[in-house]
Amino acid sequence: MTTPKAFDNTAYENSSEDDNFPDKPADIIQEPEIQREIEEAKSSEPTCIFKLLALTGSTLAFILIGGIFFNSGVLYVTFLEHFGADRGVTAWAGSVQLAMVFGAGPAAAALANRFNCYVAVISGGLLATLGLIISSFATDIYFLISSYGFMTGIGLGLVYAPAVMLMGKVFTTRRGLAVGIVVSGMSSGWLSYPFIMRSLLDNCGWQICLRVLAAMTFVICICGVCMIPAERKTSNTTKRGLDIKIIRNPNLLLLCLAMMAYLFGLSVVSVHVPAFGETLGFSVQQGSMLATIMGATSLLGRIFFGAIADVKKCDILVANAIAVTCTGIPVMLYITSNSYAMLASFVGTYGFFSASFPTYVPLLVLEFVGIDKMVSGKGIAMF
């Protein structure tokens, strides 16, 4: 983690030998300028209420993102039956959305840097809501790929990076736990949405399901409003766009490559596991339950990995490498499942260890590029 800059010692260097405390550092001699700097630093720290409001807003935003992001597989079977396209083409709707959530990272960072994180969150919430409403009127799979995949995905992507990186600005202590709580929101959505979506699909049809999801997604805009007080307290007056020069940082570049490999495996599991369960003879409800199992174990994992990140002796780079390795094992082996218990165990293991990456990436970006460039770093890492 970054350490605060030392105060300017000009007053100490210019002090004469006749000073009463010649050997006392300037930040202890209470010079007016230094006093002013200390007071300004303290005044820029958000109050506890503002911190909790920002934490609540970011966590709720992640619940709403995760509910849609991780449960495209629940809709996949319905889209497959309704539009009559082959499996590969139908899967593009969910896969494109997943790609756009991360592909919109640089745009989200540029918007957050130029204006504020809450502006990016509100804009993304509006775009994702519009994408879901338009998707409910889709007449063919390619229409759906454009609206559900591209539009909704980009909207959710504009929310993702700013909402989590705001925690780096707001929290100076327990930052790992704060990030862990926020990203656990995605798992909460992952856990709860399958029941909501399954009920809507069975009783109302996929069009009404998407419209209800759109109404729920609009709440992201309210989450953005909750972030305003805390961010205004911490915002720098200098506004800038995306800082692409930081891609020269070798550590960040390696993290980007790792993120790319991680996302390849993520899309396979989250999109195809429910349908794979049905090919083994399991019911639609059992297929949806697999998504719930992933969400439950991921929720535990994100809080767990976030909490241990604040332990002084924990090297988050090493911890992340071990957890990501453990994530890859069930991804390779789940297709060998021949029973529901076996598939559920692979899915649960995957959910727990895959939680390390979204928890540790924001903290690693902060460590690699510093707090001033962390939003740009997170946006580039997502891309």
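Reader: Are F79 and F83 buried or exposed, and what makes a residue the one or the other?

Author: F79 and F83 are both buried; that term means under 20% relative accessible area, whereas exposed means over 50% and partly exposed lies in between (1.4 Å probe, protein chains only). The model is predicted, so local features need pLDDT of at least 70 and side-chain atom pairs count only at pLDDT 80 or more, while totals for chains, interfaces and linings use all residues. Residues are numbered from 1 along each chain as its sequence is written, and side-chain values use heavy atoms, leaving out hydrogens and water.

Reader: Why is the pair of F79 and F83 called tilted?

Author: Rings of Phe, Tyr and Trp (its six-membered ring) pair if their centres lie within 6.5 Å; planes under 30 degrees apart count as stacked, over 60 as edge-to-face and the rest as tilted. The centres of F79 and F83 are 6.1 Å apart and their planes stand at 50 degrees, so the pair is tilted.

Reader: What makes the pair of F352 and F353 edge-to-face?

Author: Their ring centres lie 5.2 Å apart with the planes at 90 degrees, and therefore the pair is edge-to-face. F352 is partly exposed because its relative accessible area is 25%; F353, at 24%, is partly exposed as well.

Reader: How do you know that the charged end of R211 sits over the ring of F137?

Author: The criterion requires NZ of Lys or CZ of Arg within 6 Å of the ring centre and within 35 degrees of the ring normal. The charged end of R211 is 4.6 Å from the centre of the F137 ring and sits over it.
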